[in-house]
Amino acid sequence: MIDRLNQHVASPLGELIALPWTTGTLPHGVVNDDLMHPNYWVKNEQRPLGPVPAMRIGVVFSGGPAPGGHDVIVGLLRHLRSGDEVIGFCNGFGGLLRSEYRAILPTDAHALTGLGGFDFLGTDRTKLSSDAHFETAKQVIQNLKLSALVVVGGDDSNTNALFLAKALHGVCQVIGVPKTIDGDLAYPPYLTVTFGFHTATQHYADLVSMLAIDARATRKYVHVVKLMGRSASHVALEVARQVAPNGCVLAEEIAEKKWGLMDVLDYFSGVIMNRLAVNKPYGVLIFPEGMLEAIPEFKSFLNGDSQPLHRVFDRIGVPLMGLPGVVLDAHGNPNMSLIRSEELLVSAITAVLTNTHNCQNNVQLLGHFFGYTGRAAAPTPFDSAYSQLLGKTAYESALMGLSGVLVGCDFSTNGPVPLALPLVGMVHFDSHRERYVIQKYMVDTQGEDYQSYLHQKQQWVLNDATIPRPNSSKWPKQLQLKKTGA
Ligand code: FBP
């Protein structure tokens, strides 16, 4: 697989597949008349590769960093024709609006290859939300005489890209590149994985398994680990699959089971009680940070009412301490890192063990949060090659005259097959935020991955976490499922 990705990156420019704009609308069926406006998607202006005039291409990183961002630039630089130029906007869309940019030269490719993080350009979470934003962006882009803008981002950033494509129609093409460690931007089979997900999950799986190794040696701590993944639980599911922790709950699982906070506490304390019964006063429990949005008491807190949370803590007999104010980003997403849910769980589970289970053992719980390091880690060979292919595909999309597209890669056939997917087909109306946004791809509770997780997790309770990890993957699980002959 990785070899084939690398071969694709190295091969001469060719015509990628530009999917018809209806591709995306069929499954969701939510595109309203306004979004059907042709300016969102340059479907009639595709041109074959050929004598396209020299291009000036801008790149912007947007949202949280993800390993492979620098390789996207490398892929973009690799096939530039004489006269083509690339500039990078610094500090995300905020920097673009302030016209902060730097030249990117083909000679930068060497230093950027395999470099983790997003720090070459920087990033931010600015949402393009007003006419003034779009007008300013247009001015900046016109002043710089850009013919295409490549937006490297997740669902919110590519929502920006979609609306910018309309605002810049006839001025500058806009092409999205799918990134996020969360893995919640997907559109199977055209896009099954974002770059960064593989590296981050490998990194977290390493860290969690190291905790498990330490716990097994010392037999005195139960580690309670929060993993990044704001809404969808793909990261926690993948880490669970690799490490086989003693306990794990996913946001989608809680929603499906209609669990409240007490159910989550009963589950985790039950895992610990079962292990104590076989003389194992240690272990590892994991959960995704996005779990909070699925637990009704935390959901109320995120919406401004902490009373339901206080009631549960009163009931289990422990003070609710260290609850911060909820901070939202420009897209309306709560900042989960500032809510120390791992510490809240530690104190709540300890209280349930003592007060409800009358647990006499002195079980010691320790909270951890694994997040930011996974975004800065050096990309795995898969992520490095995949990101370069996405960068190359973005460049090919620019040469073909496409706009309002997200580049992707179909791994399901004899692939990988690079392609461009119309962004307009990926939006849905978010009634909570009251606007059109790209739909988040959640863990499918009917899917094979989730079902096998449910099946196995009962056995994980009494076992020790898997050491060494037998399932450690050279490429993401999503692709293994597709049996690509990798
Ligand atoms: P993106 O969706 O922008 O890729 O970011 C994902 C993420 O890493 C989440 O897992 C996490 O909740 C969030 O970013 C943290 O954001 P911040 O950098 O603003 O603290």
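Two strands pair if DSSP finds at least two bridges between them, and strands (E, at least two residues) and helices (H or I, at least four) are DSSP runs numbered from the N terminus. The model is predicted: local features need pLDDT of at least 70, side-chain atom pairs count only at pLDDT 80 or more, and totals for chains, interfaces and linings use all residues. Residues are numbered from 1 along each chain as its sequence is written.

**View A. Strand β11 and its antiparallel partner β12.** Strands β11 (residues 405-410) and β12 (residues 417-422) pair in the antiparallel sense over six bridges. A hairpin of six residues links β11 to β12. G408 stands opposite L419 in β12.

**View B. Strand β11 and its parallel partner β6.** Strand β6 (residues 173-178) runs parallel to β11, joined by two bridges. Here I175 is opposite V405 of β11.

**View C. Burial of β11.** Six of the six residues of β11 are buried (20 or more other C-beta atoms within 10 Å of a residue's own, with C-beta atoms placed from the backbone), so the strand is largely enclosed by the rest of the structure. V405, V407 and C409 point one way, and L406, G408 and D410 the other.

**View D. Shell around the ligand.** Of the 16 residues around the ligand (C-beta atom, placed from the backbone, within 6 Å), G63, G64, T180, M228 and R230 come nearest. Domain 1 (2-196 + 379-430) and domain 2 (200-375 + 444-462) each supply at least three residues of the shell; these bounds come from an automatic or database domain assignment.

Terms used:
Buried ≥ 20, exposed ≤ 12 C-beta atoms within 10 Å, placed from the backbone.
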